Amino acid sequence: MAFDEGLLGQEAILSLFEAARWAASASNGQPWRFVWSQRDGSELHKRLVACLKPGNDVWAPKAPLLILTVTRTTRERDGAPHPWALYDLGLAMGNLTAQASSMGLLVHNMAGFFPEKAKELFSLPADHEPVTMVAVGRLGDPEGLPEKLRARELAERTRKPLSEIFLGQSP
Ligand SMILES: Cc1cc2nc3c(=O)[nH]c(=O)nc-3n(C[C@H](O)[C@H](O)[C@H](O)COP(=O)(O)O)c2cc1C
């Protein structure tokens, strides 16, 4: 997607993570973790960019903010497997997305990255799983995108109807 070049500023970024931080989680375990960088030419930003898969590496490096989302897969209190760790991280990212939206920012999630590389580059502990990478910023001009990406950006957005997502006896 096409992002505006302008950086977001530390205060804006921290308010995104503040919203994420307040998500509900199973037993208040708060398993979400984040690696993030502004597009500032830093070593950290370069490492994040190095984790993107081809395709995403065309547009996502231009975003003012790149995030690697991570979840702790074991419970802090006893080290047992944490079956809801992904759900909890998703709720945190939902909060971040709502906050971003209220600030006029767009959030683009990506599964297209190399988790093993991310684990290595950021020295993640064995029970910390990279889940997505996320690009955040203001909408830019899609004219700057390669043809295929521009068509996708300008295409009508679609979703399944409610009747397809209800199971059981739902009306
Ligand atoms: C978990 C997840 C992974 C995604 N991975 C990618 C990705 O690697 N690259 C990409 O361009 N978009 C990715 N997307 C964006 C989806 O393709 C997009 O949200 C979906 O097609 C619906 O489009 P819309 O949100 O613009 O309506 C991902 C979205 C989610 C939630």
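Predicted model: local features only at pLDDT ≥ 70, side-chain atom pairs only at ≥ 80, totals over all residues.
Residues are numbered from 1 along each chain as its sequence is written, and side-chain values use heavy atoms, with hydrogens and water left out.

**The shell around the ligand**

- Asn56, Trp59, His108, Asn109, Met110, Ala111, Gly112, Arg152, Arg157 and Arg159 surround the ligand; a residue is near a molecule if one of its heavy atoms lies within 4 Å of it.

**Polar atoms facing the ligand**

- The side chain of Asn56 places an N or O atom 2.9 Å from a nitrogen atom of the ligand.
- His108 has a polar side-chain atom 2.8 Å from a ligand nitrogen atom.
- Gly112 takes part through its backbone, with an N or O atom 2.9 Å from an oxygen atom of the ligand.
- On its own the ligand has 630 Å² of accessible area, and the protein covers 52% of it; such areas come from the Shrake-Rupley method with a 1.4 Å probe.
- Helix 3 (56–59) and strand 3 (106–110) are the elements that give two or more residues to the shell, and strand 3 gives the most, with three. Helices (H or I, at least four residues) and strands (E, at least two) are DSSP runs, numbered from the N terminus.

**Two positive phi values in one loop**

- Asn28 sits in the loop between helix 1 (10–21) and strand 1 (32–38). Although not a glycine, Asn28 has a positive phi of about 55 degrees.
- Gln30 also belongs to the loop between helix 1 and strand 1, and has a positive phi of about 50 degrees without being a glycine.
- Asn28 is exposed, at 52% relative accessible area, whereas Gln30 is partly exposed, at 31%. Buried means under 20%, exposed over 50%, and partly exposed in between (1.4 Å probe, protein chains only).

- Thr74 lies in the loop between strand 2 (65–72) and helix 4 (85–102), and is buried, with a relative accessible area of 16%.
- Leaving aside neighbours within four places in sequence, Thr74 is in contact (heavy atoms within 4.5 Å) with Gly79, Ala80, Pro81, His82 and Asp127.
- The side chains of Thr74 and Asp127 make a polar contact at 2.5 Å. A polar contact is a pair of N or O atoms within 3.5 Å; within protein, one must be able to donate a hydrogen and the other to accept it, and residues adjacent in sequence count only if both atoms are side-chain atoms.
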